[in-house]
4 protein chains.
Amino acid sequence: MVSFECDYIAGAHPEILKRLEETNMESLPGYGMDHYTASAKDKIKAACGLPDAEVEFLVGGTQTNSVIISTMLRDWEGVIAATSGHVSVHESGAVEFTGHKVIELPAVEGKLEAGAVRKYLETFYSDMTHDHMVFPGMVYISFPTEPGTLYSKAELTALSDLCHEYKIPLYLDGARLGYGLMSYECDLTLQDIARLVDVFYIGGTKVGALCGEAVVFTKGNKPAHFMTSIKKRGALLAKGRLLGIQFDTLFTDDLYFRISRHAIEMAAKIKEIIKEKGWRVYMDSPTNQQLILMTEEEMEELAESVIFDRWGVYDETHTIVRLASSWSTSEEDIKVLANA
Amino acid sequence: MVSFECDYIAGAHPEILKRLEETNMESLPGYGMDHYTASAKDKIKAACGLPDAEVEFLVGGTQTNSVIISTMLRDWEGVIAATSGHVSVHESGAVEFTGHKVIELPAVEGKLEAGAVRKYLETFYSDMTHDHMVFPGMVYISFPTEPGTLYSKAELTALSDLCHEYKIPLYLDGARLGYGLMSYECDLTLQDIARLVDVFYIGGTKVGALCGEAVVFTKGNKPAHFMTSIKKRGALLAKGRLLGIQFDTLFTDDLYFRISRHAIEMAAKIKEIIKEKGWRVYMDSPTNQQLILMTEEEMEELAESVIFDRWGVYDETHTIVRLASSWSTSEEDIKVLANA
Amino acid sequence: MVSFECDYIAGAHPEILKRLEETNMESLPGYGMDHYTASAKDKIKAACGLPDAEVEFLVGGTQTNSVIISTMLRDWEGVIAATSGHVSVHESGAVEFTGHKVIELPAVEGKLEAGAVRKYLETFYSDMTHDHMVFPGMVYISFPTEPGTLYSKAELTALSDLCHEYKIPLYLDGARLGYGLMSYECDLTLQDIARLVDVFYIGGTKVGALCGEAVVFTKGNKPAHFMTSIKKRGALLAKGRLLGIQFDTLFTDDLYFRISRHAIEMAAKIKEIIKEKGWRVYMDSPTNQQLILMTEEEMEELAESVIFDRWGVYDETHTIVRLASSWSTSEEDIKVLANA
Amino acid sequence: MVSFECDYIAGAHPEILKRLEETNMESLPGYGMDHYTASAKDKIKAACGLPDAEVEFLVGGTQTNSVIISTMLRDWEGVIAATSGHVSVHESGAVEFTGHKVIELPAVEGKLEAGAVRKYLETFYSDMTHDHMVFPGMVYISFPTEPGTLYSKAELTALSDLCHEYKIPLYLDGARLGYGLMSYECDLTLQDIARLVDVFYIGGTKVGALCGEAVVFTKGNKPAHFMTSIKKRGALLAKGRLLGIQFDTLFTDDLYFRISRHAIEMAAKIKEIIKEKGWRVYMDSPTNQQLILMTEEEMEELAESVIFDRWGVYDETHTIVRLASSWSTSEEDIKVLANA
């Protein structure tokens, strides 16, 4: 039985485990004050082409979204997100838990369109009653999006320009950033993203780490006393080395990009299999997640040899099935799927 | 210059002011422990036909929504509301401030349709990932709705049945309840509403009081230690008499209903004027608020003799204008509008 | 039966009710945009000797504390208060509800001593682990204090200097401000207070109003988008006129000070009665609240002719009894107490 | 240079790393649904002697305290803790962030005394104004305490009886639980604790794990929809296996207890060294943390060969220095300290 359930089915990339083992008995200070964490930050800043960026590590994606959004918004503000955005749907209300509204705008293939956001902002500010409303104080996007699509450089630039025009930060959730950047269809580099957005995170959990996300504040805009705000949210890891060593490894010799590329190659093979088998595609994805439509019967048959994710309800007879590849997907896994 | 800006342009109904004056120097205990408050509660329970209901008074509408929703929801729950609902749009995120999500569903003429809510609930519970989502824990509706429309008895019954089926409370925001109940098109009585919903409030601020809303828990479902929760939210009025005396007066000799009916009669005259003048109606309303579409020029002309509300943005050249009647609207006001 | 239970046993000062009646049918905009509110702000600024101050009105004391503290603190900060402070004890955790800690320091006769606060601040900043702690971001004091004592000009100046040295705002809760300023023992004027603190409120609820507190930001330090933050907390009154007219009246012809002085004169008579009767004083108070110790038997006897407050538990056999005077206390009331 | 700075200076116990490696490429479901997590739960329940207990894993200590306290308290409640408690001092206000007050009572050597808690509860309920206060809804203690002391069985039993009498849960923070249970002076077993408290956590971070705390609900009292509440707080780990495998290893062949015992043995040697060197003890500790008083000069000298923690400010010339042993402390480390 092989699994395409999600991109966090395995432990860590072996190189990471090896480094954890090699450094295991070193005495290091806690809370991210160790030299591995410092080294990881430097490597990430270099990869982003932003020597003056500020990098911080957190444990998981929902935690990161909630910490970033709630420390960057001001009291009277909320965050604009797609109705299909992770913060809108799948975080159990973590943003609202911090006292802020997620202002949901319709998504097109998982993406926020700059035009729709502009329309919202213009209408908001022309509304005489807007002092009684939640001010739009940030734009949240995910890259790749939840259904696996990508913003083009033109689309991201349009959002970036709009946000700067309205002086609100653009925040990019990169839970699967590597799988986006390494997609054959991606026309953005890490440096492009770092330049275009105000804050983003480089996902570790889904790209080879046991846990961990690297937040990059690109414009000297790290919130004051950020460590205290992290602690206040129960998000400060005592053994910060666990995050530092993992990211230091991921950003050594391009490991993060190499393993992301591997997942994309495996995804290409999955797409071929889908085509061959004639499975109905829910949304075409250039990244590591393939969404297809299946009946209960079809799922039961597939479940005999493969583990997959019931991603959502499509209609009364069809479920959206997700087949995800990741850094850990092997050629053998692909073969099992092909024969399923 | 006369005003149709909203239904809270005047002070209190003179009868209320008179009672405040008559009772002014009586020594009374604070925090709603006085006998006027007790009397008001009894009269409201009688009017609702629910001797076992529990009644509490709060100061304003947003405060009431936030207190009720946040004390009745459980940690993992949010409240379903129409995208046009007051809690969704015009409360500056007061529900989110308490840590809970407003789950917005599309409205039809300001109303939530039972069918759409059912669809949402069914989809939610059939979604395998719903433990990662905000659970729907309450349904919020307003009566009349924000644009002035009304639920019919059949519509409210359908929502009530659905909520009971799913065991979640149905909450009715009655900021303008009187204007709804006294509408010529309303087929619901106060007793019907009290029977069909789990909790609702009878608006005072917009129906003759200086301030104040009366919350009715219809099913022995008042949250435990409610007074402490009110205080915790900064919503406990020291001189509870101010609320008690006002509602005691409003529910003596049907004052609440009589002044509401007056507003509806005035609204009928406004509707006639709109018709005569050929103004374009945004949404037909059977209650005290009439929404029409006007250009900037038309508004400038109207503004010479009448104060009105720029309720919202319609399109690039038209604004939604609100003309509201209330208990304080006089025949003279109507004449000025007719001649405007 | 006469009542000395608290200073909010009666309605409003008759002059206030009269003005509410005179202005009742005027059409006025909501949310504090009316001209009475503007006039009240001007009069308060003049009385404070601070033409550039910013004044806002809220409904009640706990609400005001919670709104001010939570909009002025930053994410990583809490507010220092005396263990006996209203925010520490009697607000049901309203400050914590907004996500901020009340850092409690021991009080001496209800007062925070500058020396103790300095010691706390020095220790905090010399603690290597203070990034894991709540930063002290404001100092809260009440004037008069909860047990009725007063800060001297020297004491308040010392706190003011300390706060400025540490660049944290000094906030003064003036729920009973008039009774403090008019005390025979007070060496501070309203203008002194306005000059020495960063933000304070002038209590209306306990000094002649039906409800209402006037917040004064003395240094151009009103939080941005304050109206939206007030609304978000359910604290924005639709009929802002109710607050504006009351404070406009209170600050016309020194009404606020005259009625406060009356309460102090009545308190002096109560103190004489206490002395004559040989009742044991819990804490000597120069303001309108007298705290004495009584056994259950003594309370039962007193309760035959007078209503009073059981303010707290002293020991197993004694209760702290409060006898409060106010603007509404009459000579007749005093006679009843004398004969009790 | 060797470190006695804290008990989280090293990575994980080698046995844990080995198991992480052995299981690394297994495809496992996320969010704690894997069989290692299930096995860990079973082993912990067995070790506690409570087959019906419920066990959940979280990532860190502050997170665990904040999740447990905020999901178990009701709206009107706060948690009683010692002024020196971790939740009172060193969590940056994480409990308050969730809207609840920490009700601080004086500690005696880091411990809450049942008598003092009883006194507080009795006074609270006899106070006529307690509806305006935060209700005591839980008692929080740490074992070992922050300065390293231990509750005796008699002391814990007294607290347990008191809590049950008042029907409020007793919660034990076991960040260093192993070091308490293995102390020569401890007269409590894990099973005693599991029987006496309502909820507690077994600390992993400080006792051999990379991260992770195991929460034990001893009485069928796990909050409903706990997973959703965890997610809402950003505390749900995607790769739950990381926690499951670690605790499964720690509770195999008594590893948790064996490595805790080792730390205690090392602590005994540190205590001897302290005695020999004549260092002044701040508080005598039977567990793995030794607190001593040092001048700046003494610290500078010690710092030449040993890393230690400046735990707190004692007076103007002395700092409280912490020397902590842990599972990773070696005999060689001890020798370096002896020669320092």
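Copies are superposed by least squares on the C-alpha atoms of residues with pLDDT of at least 70 in both. This is a predicted model, in which local features need pLDDT of at least 70 and side-chain atom pairs count only at pLDDT 80 or more, while totals for chains, interfaces and linings use all residues. Residues are numbered from 1 along each chain as its sequence is written, chains are lettered from A, and side-chain values use heavy atoms, without hydrogens and water.

Reader: By what turn can chain A be laid on chain B?
Author: Two copies of a chain are related by a rotation about an axis and a shift along it. For chain A and chain B the shift along the axis is 0.0 Å and the RMSD is 0.0 Å. That is the relation of a two-fold axis. The turn is 180°.

Reader: How many residues does the contact take from chain A and from chain B?
Author: Contact means heavy atoms within 4.5 Å. The same surface serves both copies, as 100% of the contact residues of chain A recur in chain B. The contact takes 24 residues from chain A and, from chain B, 24 residues.

Reader: Which residues of chain A lose the most area to chain B?
Author: Buried area is the accessible area (1.4 Å probe) that two parts lose on being put together, summed over both. Chain A and chain B bury about 2000 Å² between them, with 54% of it on carbon and sulfur atoms. Together accounting for 25% of what the side of chain A buries, the residues are A:His90, A:Glu96 and A:Lys101.

Reader: Which residue forms a salt bridge with A:Glu104?
Author: A salt bridge is a side-chain nitrogen of Lys or Arg within 4 Å of a carboxyl oxygen of Asp or Glu. The rule finds four salt bridges across the interface of chain A and chain B. In the one with A:Glu104, the closest N and O atoms are 2.8 Å apart, and the partner is B:Lys101.

Reader: How many of the ten residues of helix H11 of chain C are buried?
Author: Helices (H or I, at least four residues) and strands (E, at least two) are DSSP runs, numbered from the N terminus, and buried means under 20% relative accessible area (1.4 Å probe, protein chains only). The buried residues of H11(C), among them C:Arg241, C:Phe247 and C:Asp248, pack against elements of chain C including helix H1 (14-22), strand E2 (54-58) and helix H12 (255-277). Helix H11 (residues 241-250) is largely enclosed by the rest of the structure, because the number buried is ten of the ten.

Terms used. Buried means under 20% relative accessible area, exposed over 50%, partly exposed in between (1.4 Å probe, protein chains only).
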